[in-house]
Amino acid sequence: MSYTKFVTVFVRANSENVRKIRISPGRFRSTVASTKPEEVGEKQQQIDGCAVVEAEPVELISQTKNVANSHVNKIDIDFDNTQEAYRSKDNVELLRSLLVFKLCTFDFLVDKNKELMEISKKLLGKWMFEKLMKMTFYGQFVAGEDHNSIKPLIRKNQAFGVGAVLDYSVEEDLTQEEAEKKEMDSCVSEAEKESPDGDHREKKYKAHRQFGDRRGGVISARTYFYADEAKCDKQMETFLDCIKASGGASTDGFSAVKLTALGRPQFLLQFSEVLVKWRRFFNFLAAQQGKSEMTALEQKLELEQLKESLAKLGVGGKDDIENWFTGEKLGLTGTIDLLDWNSLINDTTKISSLLMVPNLETGQLEPLLKMFTTEEERQMKRMLQRVDILAKHAVENGVRLMVDAEQTYFQPAISRLTLEMQRKFNREKPIIFNTYQCYLKEAYDNVTLDVELSRREGWYFGAKLVRGAYMYQERARAEQIGYEDPLNPTYEATNRMYHKCLEYVLEEIEHNRKANVMVATHNEDTVKFTLQMMNEMGLLPTQNKVYFGQLLGMCDQISFPLGQAGFPVYKYVPYGPVNEVIPYLSRRAQENRGFMKGSQRERSLLWKELRRRMLSGQVFYKPVF
């Protein structure tokens, strides 16, 4: 059934009933799991300053483990072995790390870092300032100025078992006022400008000036603001150069992209709202069948009851309804689940036809906006074309594409577009990886739905699991604008969600080998949890199904021991001219303030290795590779 057929006539839904829908926090049990529960969980602690997780009872998906495998090929990593952790670093690099991490603990330096860098540039001059930065912050966190200058570092890391996720980290240095203006101009349609209250838009999916500067409260993700289509083309070219550089520097690299760099964010806002509203309507129909307490994948609507419900709601005639649920594979099992429902939105011939939603006040299906200009239609199509071009170049260059996660009001559209790329390009091997933010309440549902779709359609599921980069901004926006906080209430809850999602994907790898996951974390205990699960499941690092990821210049005591033990591990490798990556360096300083204030671990390990080298006569130690 095509979406365009379905939208020709639609529902006269009772808005009061829809408002009563409650989504269950319950969980879907994997079809490959048995029935005996096992209990593991996590509780946040600080051990030598690194956040770790301690076991406490919580239900796991995994029900049985291969006990025989738990003692075969077991790999233990010693994250306290400084000699192995810092084999790739000479003594000057260790001293630089100690200096940079120490400077990051001083509030005044971190809070005023941009102002201090500007003063230093004026006093020292451009050449001397860049030299100073390369000896300190730039040298610690950035690989080089262009794709040629980064090759020596990439090759050195590769020699010690660590790959690269290339990330061109140049950003515009905008004032807050400039950022807010750009955001409002690019997120508000012509129809909304002419009639601000003329459309039934949700507050969450509309632009708000007080949150127009999306950099606010964000310390670990770069931000793009729309200027025009030419700027998007230029940014696409930058990503293409990054893909080519990754392909030229290594045989198994990644390249990171952000979809907000590739088009006008208005489309992402609108498409996200449409996807969310259609999912809510499915939940409404599930509630009518008494299935509101079930998890996302357990909700299977009885087809005949669904047809009756649609007829009662005024959705066309009997013949129309029959036609909607015939053809393709819909309804062959006598039920319709959320994945079947999502497949209805599949017509991309006219992009604006995707943006149709049920108006619960009138009971009619209406366009999200009263009017789309021809130029807005073109802008939407250009964004999709740019995404497609990047994916094709990734395939041609043997590079995997990591699509970064963004704010929750953009993310449903970003995830859906990434999913469509996976369906197209992940047929023979994992090329496209989606990012799942585990601080979201819906993270587990998102992961399980996408894994199940990949299983049904036979393509390779690729995921990067992160905790999330927009927590402060997301909470403040939800509170001030007036919608439900999308995030888990505590850090401990986020830890549990992360491990829950991770174990689900590891189980998928264990059973059908067509899933791949990057465990992107600086949390040492999450890494240990992953290694424990891999040992219990008999998953080997040489299978190249489970990857680990950390930022360049941070947590080398995790990355390099893993790499030298044969695990696929990657550093996010930023690069770009000194003066143009200052916004990135500013965020690294802020992130490290919290990390270093709460942790003496990395600094103590660095000191330990320096003392060992001094006592063993390795004053002029140089890495050999």
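Trainee: What share of the residues of the protein count as buried?

Mentor: In this predicted model, 58% of the 625 residues count as buried. A residue is placed in that class when its relative accessible area is under 20%. The protein still exposes about 26000 Å², and carbon and sulfur atoms supply 53% of that area.

Trainee: Why is helix H22 called largely enclosed by the rest of the structure?

Mentor: Helix H22 covers residues 556-564, and eight of these nine residues are buried, so the helix is largely enclosed. The buried residues are Asp556, Gln557, Ile558, Ser559, Phe560, Pro561, Leu562 and Gly563. Just after H22, Gly566 takes a positive phi of about 100°.

Trainee: What makes Arg382 partly exposed?

Mentor: Its relative accessible area is 25%. Buried would require a value under 20%, and exposed a value over 50%. The value for Arg382 lies in between, and therefore the residue is called partly exposed. Arg382 is found in helix H16, residues 374-396.

Trainee: Which residues is Arg382 in contact with, leaving aside its neighbours within four places in sequence?

Mentor: Arg382 is then in contact with Glu229 and Glu375. Contact requires heavy atoms within 4.5 Å. Arg382 and Leu262 are 120 residues apart in sequence, yet their C-alpha atoms are 8.4 Å apart in space. For the protein, among contacts between residues at least 6 apart in sequence, 80% join residues at least 24 apart.

Trainee: Why are helices H12 and H13 called roughly perpendicular to each other?

Mentor: Helix H12 (residues 265-288) and helix H13 (residues 303-312) pack at an angle of about 110°, with their axes 10 Å apart. Angles of 65 to 115 degrees count as roughly perpendicular. The angle of about 110° falls in that range, and therefore the term applies to H12 and H13.

Trainee: What residues make the contact, and how are they classed?

Mentor: Phe281, Leu285 and Gln288 of H12 meet Leu306, Ser309 and Leu310 of H13. By class, the contact has four nonpolar, two polar and no charged residues.

Trainee: What makes strand E11 mostly covered?

Mentor: Strand E11 spans residues 461-466, and six of its six residues are buried. Phe461, Ala463 and Leu465 point one way, whereas Gly462, Lys464 and Val466 point the other way. In a regular strand the side chains alternate between the two faces of the sheet.

Trainee: How do you know that strands E10 and E11 pair?

Mentor: Pairing requires at least two bridges between two strands. Strand E10 (residues 432-437) and E11 have four bridges, in the parallel sense, and therefore they meet the definition of a pair. Asn434 has Ala463 of E11 as its bridge partner, and Tyr436 stands opposite Leu465 in E11.

Trainee: Which strands form the closed barrel?

Mentor: The closed barrel has eight strands, in the order E3-E4-E9-E10-E11-E12-E13-E14, with parallel pairing. From one strand to the next, the twist averages 30°. Helix H17 (residues 411-425) packs on the sheet and touches strand E9 (400-403), E10 and E11.

Trainee: How do the directions of the helices H17 and H21 relate to those of the strands?

Mentor: The direction of H17 makes about 150° with that of E10. Helix H21 (residues 524-537) lies across strand E12 (515-520) and strand E13 (546-551), running at about 170° to E13. Angles over 145 degrees count as roughly antiparallel.

Definitions and conventions: Residues are numbered from 1 along each chain as its sequence is written. This is a predicted model: local features need pLDDT of at least 70, side-chain atom pairs count only at pLDDT 80 or more; totals for chains, interfaces and linings use all residues. Side-chain values use heavy atoms; hydrogens and water are left out. Buried means under 20% relative accessible area, exposed over 50%, partly exposed in between (1.4 Å probe, protein chains only). Accessible areas come from the Shrake-Rupley method with a 1.4 Å probe; for residues, only the protein chains shown count as cover. Axes are lines fitted to C-alpha atoms, for helices over the stretch in contact, and angles run from 0 to 180 degrees between N-to-C directions. Helices (H or I, at least four residues) and strands (E, at least two) are DSSP runs, numbered from the N terminus. Angles under 35 degrees count as roughly parallel, over 145 as roughly antiparallel, 65 to 115 as roughly perpendicular and the rest as oblique. Ala, Val, Leu, Ile, Met, Phe, Trp, Tyr, Cys and Pro count as nonpolar, Asp, Glu, Lys and Arg as charged, and the others, Gly among them, as polar.
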